[in-house]
Amino acid sequence: MAAESPAELISGFRVEHGEVRVVRDATLDRIALEQARAMAAKDDLSHEVLGPFTRRIAPARAGRAAENIAYGYESFEKTLDQWIDSSGHRKNLLLHNASRVGVASAKDASGKRTYWAMVIAGDYEPPKGKRDRESLVAVKREAKPLGRPKSNGCHIKVLSLCI
């Protein structure tokens, strides 16, 4: 009998606690793998090793996301047990409305320490049409400062009066 995948193990725990199942997601797997590899390369257990999580998770386009990290255990099953026993990690595993997960591990340079990263996400926005994407880009451009502001003809503005 084949061992259960990380997504199946996480889903089993989630269903036991009233949450929906999650499926493996290629984008989240890549984000988790980059995190695990970076921690292993620097031998540093840190959520910030590659920069802020909000920036790293952006390509997934999820409304909600969380990350668990660990090191030490060779197997995902033991790592998952460790996360289940930790209130903060457990809360992430039970992220409400999560539907996708990515899991990865990497060894440090000595090959003796295994680093794990799990990214779980949900509340995905449906793909938008071409017209919506164009208007979103326009809004983003307008919000970005572009050098010197354009002159509105006022030399001095006092109490909303233009002089």
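Trainee: With which residue does Lys 107 form a salt bridge?
Mentor: The partner of Lys 107 is Glu 74, and the closest N and O atoms are 2.7 Å apart. A salt bridge here is a side-chain nitrogen of Lys or Arg within 4 Å of a carboxyl oxygen of Asp or Glu. Lys 107 lies in strand S3 and Glu 74 in the loop between S2 and H4, so the pair ties together parts that are 33 residues apart in sequence. Helices (H or I, at least four residues) and strands (E, at least two) are DSSP runs, numbered from the N terminus.

Trainee: What should I know about the model itself?
Mentor: This is a predicted model, in which local features need pLDDT of at least 70 and side-chain atom pairs count only at pLDDT 80 or more, while totals for chains, interfaces and linings use all residues. Residues are numbered from 1 along each chain as its sequence is written, and side-chain values use heavy atoms, with hydrogens and water left out.

Trainee: Back to that pair: is Glu 74 buried or exposed?
Mentor: Glu 74 counts as exposed, at 53% relative accessibility, whereas Lys 107 is partly exposed at 41%. Buried means under 20% relative accessible area, exposed over 50%, and partly exposed in between (1.4 Å probe, protein chains only).

Trainee: How many salt bridges are there in the whole structure?
Mentor: The search finds 8. One of them joins Arg 100 to Asp 25, with the closest N and O atoms 3.6 Å apart. Arg 100 lies in strand S3 and Asp 25 in the loop between S1 and helix H2 (26–42), so this pair ties together parts that are 75 residues apart in sequence. Asp 25 counts as buried at 13% relative accessibility, and Arg 100 as partly exposed at 30%.

Trainee: And which residue pairs with Arg 64?
Mentor: Arg 64 forms a salt bridge with Asp 123, the closest N and O atoms being 3.9 Å apart. Because Arg 64 lies in strand S2 (residues 64–71) and Asp 123 in the loop between S4 and helix H6 (130–143), the pair ties together parts that are 59 residues apart in sequence.

Trainee: Changing topic, which residues of helix H1 are buried?
Mentor: In H1 (residues 6–16) they are Pro 6, Ala 7, Leu 9, Ile 10, Ser 11, Phe 13 and Arg 14. They pack against strand S1 (23–24), H4, helix H5 (87–93), strand S3 (98–107) and strand S4 (114–122). H1 is followed by Gly 18, which has a positive phi near 85°.

Trainee: What does Arg 90 touch, apart from its neighbours within four places in sequence?
Mentor: Arg 90 is in contact (heavy atoms within 4.5 Å) with Phe 13, His 17, Trp 83 and Ile 84. Arg 90 is found in helix H5 and is partly exposed, with a relative accessible area of 29%. Its C-alpha atom is separated by 9.8 Å from that of Arg 14, 76 residues apart along the chain.

Trainee: How many helices and strands does the chain have in total?
Mentor: There are 6 helices and 6 strands, running α-β-α-α-β-α-α-β-β-α-β-β from the N terminus on.

Trainee: Lastly, what share of the chain is buried?
Mentor: Buried residues make up 34% of the 163 residues. Of the contacts with a separation of 6 or more, 67% come from residues 24 or more positions apart.
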